[in-house]
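The following exercises go through one protein model step by step. Try each task on the structure before reading its solution.

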Amino acid sequence: IWVDNCYNLIKWKQEKEYGHSTDLAFGNPDFVMLAESFGCAGFRITKSSELVDVLEEAFNCGKPALIAVPIDYRENDRLNETLQIVN
């Protein structure tokens, strides 16, 4: 699950289209605890270098698993700038 505590992709698109966004921020539940409450394995990563090891652990845990992954949509701005330069 991508964790961004809002509808951040929609926020990014609104800001690009209209110059501002509205009413998109909210809190997320603790997805790891939520997964565990349903009998699943829950994992959280805090940096990209952890992803491969956590994926391995999740695939090998023997039950359904959820991985909470923080996502930063500011990278979209950098990508957009790069694509505009190329185009």
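**Overall fold and contacts**

Of the contacts in the protein between residues at least 6 apart in sequence, 50% join residues at least 24 apart; contact means heavy atoms within 4.5 Å. This is a predicted model, in which local features need pLDDT of at least 70, side-chain atom pairs count only at pLDDT 80 or more, and totals for chains, interfaces and linings use all residues. Residues are numbered from 1 along each chain as its sequence is written, and side-chain values use heavy atoms, with hydrogens and water left out.

**Exercise 1.** List the elements of the protein from the N terminus on, and explain how its radius of gyration bears on its spread.

Solution. Step one: the protein has four helices and three strands. Helices (H or I, at least four residues) and strands (E, at least two) are DSSP runs, numbered from the N terminus. Step two: the order is β-α-α-β-α-β-α. Step three: the radius of gyration is 16 Å, well over the 12 Å that the globule rule gives for 87 residues, so the protein is more spread out than a compact globule. That radius is taken over C-alpha atoms, and the rule is 2.2 Å times the number of residues to the power 0.38. Step four: the C-alpha trace spans about 45 × 30 × 15 Å along its principal axes.

**Exercise 2.** Find the residues of the largest nonpolar core and the elements that give two or more residues to this core.

Solution. Step one: a nonpolar core is a set of buried Ala, Val, Leu, Ile, Met, Phe, Trp, Tyr and Cys residues joined through side-chain atoms within 4.5 Å. Buried means under 20% relative accessible area, exposed over 50%, and partly exposed in between (1.4 Å probe, protein chains only). Step two: the largest such core has seven residues, namely A41, F43, I45, V54, A58, I67 and V69. Step three: β2 (41–44), α3 (51–59) and β3 (65–70) each give two or more residues to this core. Step four: a second, separate core has six residues, among them V3, A35, L66 and A68. As a background rule, nonpolar side chains in soluble globular proteins tend to be buried together.

**Exercise 3.** Is I45 buried or exposed, and which residues does I45 touch?

Solution. Step one: I45 lies in the loop between β2 and α3. Step two: its relative accessible area is 5%, so I45 is buried. Step three: leaving out residues up to four places away in sequence, I45 touches E50, L51, V54, I67, A68, V69 and P70. Step four: I45 and V69 are 24 residues apart along the chain, and their C-alpha atoms are separated by 5.7 Å.

**Exercise 4.** Is S48 buried or exposed?

Solution. Step one: S48 is also placed in the loop between β2 and α3. Step two: its relative accessibility is 66%, so S48 counts as exposed.
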